[in-house]
Amino acid sequence: MGETVRVGVVGWPVKHSRSPIIFDHWFKAYGIDARYDRIEVKPEEGERFFADLAASNLAGINVTMPHKAIAARYALLDPAGTRLKAINTLWRDGDRMAGTSSDGSGFLKSLDAQAADWRRDGPALILGAGGAAVSVADALAAAGVRVRIANRTHEKAAALAAIVGAEAVAWEDLPAAMEDTTLLVNATSLGMHGSAPLDLPLDPLPAAATVADLVYYPLETPLLRDARARKLVAVDGLGMLLYQATVGFERWFGIEPTVDDALRRAVLATM
Ligand code: NAP
């Protein structure tokens with residue numbers, strides 16, 4: 001018998017991570033002898049951990065707060081990792097570790113799965129300029145989509161727009177900007193359990209627009225409910241969470257795993 005392959009998620013804190021549920025589901029589905037651990041690494045221990053990672057017995061890892069930028073300094077980076085200078089997925093490449101940021105590509109895969117016709121001629125409008133918005137803006141821009149960004153704190157929208165080659169839109173100008181928007185993305189925390197809902201009438205959007213929410217708890221946010229009521233295509237945030245995980249699995253085990261209803265139910269059962 002071969003040895004159990006070790007992978008996991010590195011962060012601080014990391015107890016709340018749902019990644020083990022996702023990977024355990026795929027290990028069973030594909031009959032893989034592996035274990036996916038939550039690996040606590042304190043902020044001050046990050047530098048040492050990533051410097052020593054290639055010599056460890058880990059086949060690969062996911063990375064979460066606060067180590068994404070440190071991880072990028074110790075890995076061979078793919079184009080997304082190079083642009084973002086922060087990574088969440090590492091794998092072995094010869095005697096080194098290589099890495100990428102899979103949130104943006106996970107978001108695009110989720111759009112393809114839940115809104116096959118999301119690519120239209122009009123621009124995408126991203127609400128928010130935090131960590132999630134950075135990944136999504138970068139992936140959309142790299143995929144050739146025209147991107148607009150609006151954020152409560154406008155300077156952050158302007159800074160992100162300058163980095164990815166997008167246009168910053170003032171929050172109060174949203175209704176006008178929505179008129180030709182074909183993809184609206186909520187990358188703020190509004191709508192999340194315990195937060196206020198995003199208060200944005202969807203009337204100005206074209207009838208063929210897609211509305212995506214990165215918030216996945218609750219799965220059906222007030223924004224998505226509103227979009228469905230208007231017969232717009234709605235894309236939930238759980239898809240991004242699951243598809244970003246496929247990137248590591250494929251690198252570590254050579255199989256692109258399926259995101260199916262059984263997996264969605266397994267993760268939703270933990271919320
Ligand atoms: P973050 O870095 O803390 O950014 C939060 C964003 O929300 C900022 O743009 C912030 O605007 C905005 N915001 C917060 N409260 C607001 C309010 N009252 N009115 C208007 N804007 C407000 O968080 P993040 O990591 O980007 O995460 C954002 C959301 O995406 C969270 O709900 C998170 O759960 C979700 N997410 C989902 C996935 C997934 O896989 N589906 C992955 C990552 C994140 P200011 O800049 O003005 O503060």
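## Around the ligand

Let's start at the ligand of this predicted model.

Asn151 places a polar side-chain atom 2.7 Å from a ligand oxygen. Ala129 uses a polar backbone atom, 3.0 Å from an oxygen of the ligand, and for Leu241 a backbone N or O atom is 3.2 Å from a ligand oxygen. On its own the ligand has 920 Å² of accessible area (Shrake-Rupley method, 1.4 Å probe), and the protein covers 72% of that.

## The sheet

Now look for an open sheet of six strands, in the order β9-β8-β7-β10-β11-β12, with parallel pairing. Strands here are DSSP runs of E with at least two residues, helices are runs of H or I with at least four, and both are numbered from the N terminus. Two strands pair if DSSP finds at least two bridges between them. At the edges are β9 (167–168) and β12 (233–235), each pairing on one side only.

Strand β11 (residues 210–213) pairs with β10 in the parallel sense over four bridges. Val185 stands opposite Ala212 of β11.

## The nonpolar core

Which residues touch the most other members of the largest nonpolar core? They are Phe107, Leu111, Trp118, Ile126, Val136, Leu140 and Ile149, out of 28 residues. Such a core is a set of buried Ala, Val, Leu, Ile, Met, Phe, Trp, Tyr and Cys residues joined through side-chain atoms within 4.5 Å. Buried means under 20% relative accessible area, exposed over 50%, and partly exposed in between (1.4 Å probe, protein chains only). The largest share of this core, five residues, comes from α6.

## Tyr74

Tyr74 sits in the loop between α3 (68–73) and β4 (76–77). Its relative accessible area is 28%, so Tyr74 counts as partly exposed. Leaving aside neighbours within four places in sequence, Tyr74 is in contact (heavy atoms within 4.5 Å) with Glu47, Phe50, Ala51, Arg96 and Met97. The side chains of Tyr74 and Glu47 are joined by a polar contact of 2.8 Å.

## How to read the values

Residues are numbered from 1 along each chain as its sequence is written, and side-chain values use heavy atoms, leaving out hydrogens and water. Local features need pLDDT of at least 70 and side-chain atom pairs count only at pLDDT 80 or more, while totals for chains, interfaces and linings use all residues.

Note on methods
A polar contact is a pair of N or O atoms within 3.5 Å; within protein, one must be able to donate a hydrogen and the other to accept it, and residues adjacent in sequence count only if both atoms are side-chain atoms.
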